[in-house]
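Here are a few friendly notes to read alongside the model. They start with the ligand and then turn to a pocket.

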Amino acid sequence: MNNVGTPSNPLRVAIIGAGPTGFYAAEHLLKEKNLSVEIDMFDRLPTPFGLVRGGVAPDHQKIKTVTKAFDRIARKPNVRFYGYVELSRHVSIADLRQFYHQVILTTGAQTDRRLNIPGEDLRGSHPATEFVAWYNGHPDFRDCQFDLSGERAAVVGIGNVAMDVARILARSPQELLKTDIADHALEALRQSSIKEIYILGRRGPAQAKFTPPEAKELGELELADVFTLPEEVELDPLSKKALEQNPDRATLQNLEILQNYAKNKPSGKPRKITIRFLVSPVELIGDDTGKVVKMKLVKNELYATEAGTLRPRPTGQYEELPVDLVFRSVGYRGVPIPGVPFHDRWGVILNDKGRVIDPDTHEPLTGLYTAGWIKRGPSGVIGTNKPDAAETVTCMLEDLAAGKILQPEHPGVDQAEAFIKSRQPLYFSYEDWLKLDQIEVERGQAAGRPRIKFTRIEDMLAALGR
Ligand code: NAP
């Protein structure tokens with residue numbers, strides 16, 4: 001048992017979720033000197049890279065180049081990819097305990113948070129997460145329908161996802177043609193009638209969660225002018241004081257950009273984006289067919305909590321905003337995994353620095369770890385997951401040194417492969433993904449695009465002759 005991690009008895013690790021965090025966790029394990037490790041990475045999709053493929057906006061191709069580093073990891077001889085193998089469907093945690101000394105859950109945050117207001121589920125009101133997955137060609141969402149025949153869309157929330165959604169709605173077909181946006185989305189957006197896009201923040205400009213490059217990018221669109229309201233981008237006394245005490249650079253940059261947008265004059269571009277602050281939707285109102293036609297907004301003011309955080313509260317002053325389409329962009333949320341302790345309110349796996357813990361005893365559950373959004377919640381950029389994964393791997397190495405690991409009955413690489421094959425004969429290896437990748441890139445080259453994605457699993461299987 002204590003020679004685990006040596007060449008004759010390598011440490012066997014399963015990573016569940018082949019997104020950025022899964023790859024960062026693998027990278028940290030591979031970097032460890034004097035450790036022999038054999039890593040199997042699983043993903044429920046046939047394709048790797050998680051949100052880099054299915055979340056990062058298609059017009060942010062530079063961010064996607066991070067996959068080059070992930071590719072180098074996946075090609076290591078002691079790393080294997082098992083795509084199209086789903087936890088709780090093809091394999092269970094109990095199964096994994098038979099084959100691995102340690103299991104890391106890096107499943108991300110797969111659903112959305114809700115607004116909890118009347119009318120939220122009217123036709124035409126959608127979670128932004130679905131729209132993002134749709135335009136990125138995620139197989140689970142490729143058949144979603146978004147009615148883009150109206151003229152006004154509202155995006156609720158002022159994080160980077162809201163900016164992505166607003167930008168994709170506002171981009172011209174020519175701009176989108178240079179991206180790897182899914183073909184079905186390209187076609188739908190080409191026909192779009194959307195002219196007015198509102199981005200709605202419940203707090204003020206100093207509390208915006210989007211980052212300055214994203215704020216600036218909105219002002220550089222081919223077809224859209226961007227505006228803010230002068231009275232909404234003036235700092236309130238509480239925000240002013242907070243900023244004086246902590247002159248955060250990104251906030252100051254955001255403020256400058258947003259205050260400049262208040263000075264913009266219409267330039268004749270056909271689309272218009274307006275970023276609003278200190279307003280909260282309190283109700284979505286539908287017509288008699290159940291389709292959203294307007295939203296009732298309340299004006300907010302900020303107050304300081306005991307901890308010093310500035311929170312919004314309603315003033316009792318209302319307005320109505322006609323809208324044909326609503327995207328709720330108020331954050332992602334983790335989905336519980338059967339048999340794994342979960343903190344329901346926070347939407348994360350119950351853990352201490354990445355060690356999954358028992359809800360009653362708060363003691364670590366041997367061999368079970370987590371990292372990324374499902375560990376800490378949906379915050380930060382892709383790179384934020386690197387130190388997060390490192391923290392988890394440090395715990396794993398400490399536990400290995402202390403002999404606190406699982407004792408799998410079948411620790412052989414071939415044994416796991418045979419088992420996986422028996423449960424999911426159609427699994428995709430990394431070589432399979434490389435073939436798909438090549439076909440996507442070649443199809444893209446023919447059209448002058450980075451790639452044309454496969455968006456149906458049947459088509460991926462057919463492309464490999466299965
Ligand atoms: P986020 O950054 O947490 O933003 C969520 C937004 O929703 C906040 O403005 C929040 O306001 C608002 N909100 C929450 N509940 C609300 C409610 N009930 N009513 C109205 N507004 C509400 O989340 P995200 O935009 O989904 O992004 C997730 C993570 O991915 C972030 O870390 C983001 O930076 C990252 N990301 C990065 C990029 C990039 O680097 N280009 C692109 C996309 C996403 P409060 O602040 O008042 O709570």
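1. Helix 7 (residues 160–170) contributes the most to the shell around the ligand, namely three residues. Helices here are DSSP runs of H or I with at least four residues, numbered from the N terminus. Please keep in mind that this is a predicted model, where local features need pLDDT of at least 70, side-chain atom pairs count only at pLDDT 80 or more, and totals for chains, interfaces and linings use all residues. Residues are numbered from 1 along each chain as its sequence is written, and side-chain values use heavy atoms, with hydrogens and water left out.

2. Among the 22 residues around the ligand (a heavy atom within 4 Å), those that come nearest are I158, R202, R203, E214 and G380. Domain 1 (11–110 + 334–428) and domain 2 (112–331) each give at least three residues to this shell; the bounds come from an automatic or database domain assignment.

3. Polar contacts are pairs of N or O atoms within 3.5 Å. In the side chain of R202, an N or O atom is 2.8 Å from an oxygen atom of the ligand. For I158, a backbone N or O atom lies 3.0 Å from a ligand oxygen. The protein buries 85% of the 920 Å² that the ligand exposes when taken alone (accessible areas by the Shrake-Rupley method, 1.4 Å probe).

4. Now to the lining of the second largest pocket: which helix supplies its largest share? That is helix 17, with five residues; helix 17 spans 430–446. Helix 2 (50–54), helix 3 (61–64) and helix 4 (67–74) each supply at least two residues. A pocket is an open set of points on a 1 Å grid over the protein atoms alone, where a 1.4 Å probe fits, with protein on both sides within 12 Å along at least five of seven lines; lining residues have an atom within 4 Å of a point.

How values were computed. A polar contact is a pair of N or O atoms within 3.5 Å; within protein, one must be able to donate a hydrogen and the other to accept it, and residues adjacent in sequence count only if both atoms are side-chain atoms.
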